[in-house]
Amino acid sequence: MTADFPDILPAYRGNPAAADLIALLSSGGDARIVLDPESGLNRYLSAPYPRRTLAFASSTANDISAAAFEHLLARQAAGMAGYAEQLEGLGRRVLAAYSVTSAARVVFAPSGTDLEFVALAAVAGRGKAGTHNILLGADEVGSGCIHSAQGHYFAKETALGTATEVGEPVEGLGPVSLVDIPVRCGEGEALGSAEIAGQIRTELVIARGQGRHALLHVVHGSKTGLILPKLAELDALIAEFGEDMTLVVDACQARITSQALRDYLDRGAIVFITGSKFMGGPPFSGMALVPDSIIARAAPLPAGFATIFRRAEWGEGWQGREQLEDSANPGLALRLEASVFELERFQALAFAEVERVIRVFQRAIGSQLIEGQGFAMVQPYPPGREGQASEHPLEMQTLATLDISRHPQARTFDDAQALYRSLDRLGLRLGQPVKCVRLPEGGWGGTLRVGLSMPQVTELSALDDGALETALSERIGRFAEALKVPA
């Protein structure tokens, strides 16, 4: 165990049951999930076991919490149900956790990137000339999505172990055109909702004129906490284009309230969520909440999905699911179980308790990293719209993107990536840098992201006010000390 998992919590070192569970949790995905034999970490420097590392990295990927790991060990010892039964139960629990009362079902996927295939399948054949996929801020939702959003394979191997070529079309999805609408200007500043809606409308008009069905992605919680466009602009687009478009809400960060999620479903949207970001589960897992009305009119699943998905991941109601392999992915089922376990614990908290933790988290960032180190906050709203700060949803305040380009080791984006890795070697992990800060001389400046997770909020909510202030100040302070700019 020591050689394979050097950073694992001591309580699990040398535990055969823990080793078996780790092996399962790091299986059943694409190459990104594989653990490096030396570090014991995946490509995102996270792991499916509890670590000594101090992390505020929920914007990239989490390490599993000790509570969730213990929960899975107990479930394993008691014996797991069959794959279809497990996923059916998890789907019901997800809908119950978000208090979804409208008719909707959950499709499961090995990663958030695979969820793009769900949306494409849901509307395949709706347009005589194919599908026009309107993606918002590709840099803010994940690089692999550029491929999957076009109906192409994004990795050299699927979760089924099928060898594929990156960029090769998935059979049966039909013609898919893709446009990426930036959510930040060339200088890195967030664009306004009305401006984004205007660009979307232009693309919708083009799609209608070409006989393509438009698949419109809405961003609810990008890598830097953006929500675009606003519901008012979205409703205007729905009123104008109606049956010519289908909404997809990219809430993969899982920084979304139950009410917001239900608002989107009520508008007939497909909602994407991953269990490995704010939800706090181990990487990788994906969930698409799909209204029954969309499932009822969907064409049979494309033949190419037999290389990507298993039958139980789609559940009853989808035409063509019988062509999918009737096998199990125990690793995915366990990852989802851990994520839903965290979701249920978080949703059981009183709103006031969640708000209390988030406010203290924000104060700790302000005192330790902004005032203390002179870093700047990358704002999730356009310049000159500071009034929007107070309107920004509470769930988005669980994430802070910091401009650290004044740091001598993080002047550029590439520098910040190296610093991100060096922090991990010190037992400190934040979210990966993103390209949203322009340097005066051109090029992208260094950033890092500080993000809470559901399990962290659950743990911290048990502390009284004084202990909570101390705990977050000390934890964020460790990052401030490591990032301290020499005088």
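## Starting with polar contacts

A polar contact is a pair of N or O atoms within 3.5 Å; within protein, one must be able to donate a hydrogen and the other to accept it, and residues adjacent in sequence count only if both atoms are side-chain atoms. Here is one to look for: the side chain of His407 reaches the backbone nitrogen of Gln409 at 3.0 Å.

This is a predicted model, in which local features need pLDDT of at least 70 and side-chain atom pairs count only at pLDDT 80 or more, while totals for chains, interfaces and linings use all residues. Residues are numbered from 1 along each chain as its sequence is written, and side-chain values use heavy atoms, leaving out hydrogens and water.

## Two buried loop residues

His407 sits in the loop between β11 (399-403) and α12 (413-425); helices (H or I, at least four residues) and strands (E, at least two) are DSSP runs, numbered from the N terminus. His407 is buried, at 2% relative accessibility. Buried means under 20% relative accessible area, exposed over 50%, and partly exposed in between (1.4 Å probe, protein chains only). Leaving aside neighbours within four places in sequence, His407 is in contact (heavy atoms within 4.5 Å) with Phe375, Leu483, Lys484 and Val485.

Now visit Thr60, in the loop between β1 (54-56) and α2 (66-78). Thr60 is buried too, with a relative accessible area of 6%. A polar atom of its side chain lies 2.8 Å from the backbone nitrogen of Gln432. Not counting residues up to four places away in sequence, the residues that Thr60 touches include Tyr44, Lys277 and Arg449.

Just after α7, Gly242 takes a positive phi of about 45°.

## Around the largest cavity

The largest cavity is lined by residues including Pro110, Asp114, Tyr153, Glu157, Thr164 and Ile308. On a 1 Å grid over the protein atoms alone, a cavity is a set of points where a 1.4 Å probe fits but cannot get out, and lining residues have an atom within 4 Å of a point.

Conventions. 1 Å grid on protein atoms, 1.4 Å probe; cavity = no way out; pocket = protein on both sides within 12 Å on 5 of 7 lines; lining within 4 Å.
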